[in-house]
Amino acid sequence: MKNAWNAQGRIDMDERITPRRFAAGLPGDIPRHWLPGNEFVSSLLNAYTILVPANEAFYIRTLNACLPHVRDETLLGRCQDFIRQEAQHGVAHKRYWDNLDAQGYAYRGFERMVDRWVFRVMDRFAPLWFRASLVSCVEHINAFLGYEFLSQSILAPADPRMRDLMEWHFAEEIEHRAVAFDLLQAVSPRYPVRLLGAITTSTLFYLLMTGLTTALLAQDRRLWRKATWRQAAWHLGTGHGMARRTLQHLLDYLRPGFHPSRLPGANALAAGVLTRQASRQPPAVVAMGTRT
């Protein structure tokens, strides 16, 4: 993915976004805690998997509503490719729900409640500029999560089937990380709009992730084990430093001059994952066609 600094000090990213289908199997023998020795992060990413389909359906509905307001043909094409990528993310993650069901997790009621009382309420009552701001911020969160998980090789010891799924998703989140932000600038570029969306999104995202992760660990009878809390402390604090890094990324989003393209080394991380997966026989990721 080529990039170069432009006169305004931003990176001009390669505009091509490739929709892909995750074709690898997710058989029933994937272990319950697929990141060995780290039930906390396994449960955290299982919670992410559960929330992905409704989240990304909301993104798609929001972008489709915004498209009539987009006059720039390049941005319009990027938005359409973004929608195709997000649709595949929802499909792939929902396939893993069969594994979660077989493992005995109870989560579908929580997922339906979030979809009905968060995303559908937003669809009905929130103005389009606010919904666009929510999507812009959550896409920033998705991109920096992908960046941190890939750059720190957090998934290296994971079951390879789940590692492929999560790394593919994270790589594509990095690849299209600027689309929703650029769309927000076209729809409603005012800074208070970005600020309001950031406060709302970050609060909702981390409340939902914390609640669902806690519920999954409780169902495993691991919530109050010392080992689980040590794993959480390592991930959030002294090890992966995700609490500090998350705060830094969120504060970065609030800078007036922020643009998602400024994420050092992110393009190479994403390209490495996608190239490696596409080169396999049979490939884990299959191209669905690109916009010309």
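1. The count of disulfides comes to zero, where a disulfide is a pair of cysteine sulfur atoms within 2.5 Å. The model is predicted, so that local features need pLDDT of at least 70 and side-chain atom pairs count only at pLDDT 80 or more, whereas totals for chains, interfaces and linings use all residues. Residues are numbered from 1 along each chain as its sequence is written, and side-chain values use heavy atoms, with hydrogens and water left out.

2. Cys66 is buried, its relative accessible area being 0% (buried means under 20%, exposed over 50%, partly exposed in between, with a 1.4 Å probe and protein chains only).

3. Cys137 is likewise in no disulfide: its nearest cysteine sulfur, that of Cys66, is 15 Å away. Cys137 is buried, with a relative accessible area of 1%.

4. Val91 belongs to helix H2, residues 73–95 (helices are DSSP runs of H or I of at least four residues, numbered from the N terminus). With 47% relative accessibility, Val91 counts as partly exposed. Its C-alpha atom is separated by 30 Å from that of Arg71, 20 residues apart along the chain.

5. Leu195 is found in helix H8, residues 191–219, and counts as partly exposed at 30% relative accessibility. Together with Tyr191 and Ile199, Leu195 makes a nonpolar surface patch of about 240 Å². Patch residues have over 30% relative accessible area and no salt bridge; like charges are joined within 9 Å, nonpolar side chains (Val, Leu, Ile, Met, Phe, Trp, Tyr) within 5 Å. A salt bridge is a side-chain nitrogen of Lys or Arg within 4 Å of a carboxyl oxygen of Asp or Glu, and accessible areas come from the Shrake-Rupley method with a 1.4 Å probe, only the protein chains shown counting as cover for residues.

Conventions. Helices (H or I, at least four residues) and strands (E, at least two) are DSSP runs, numbered from the N terminus.
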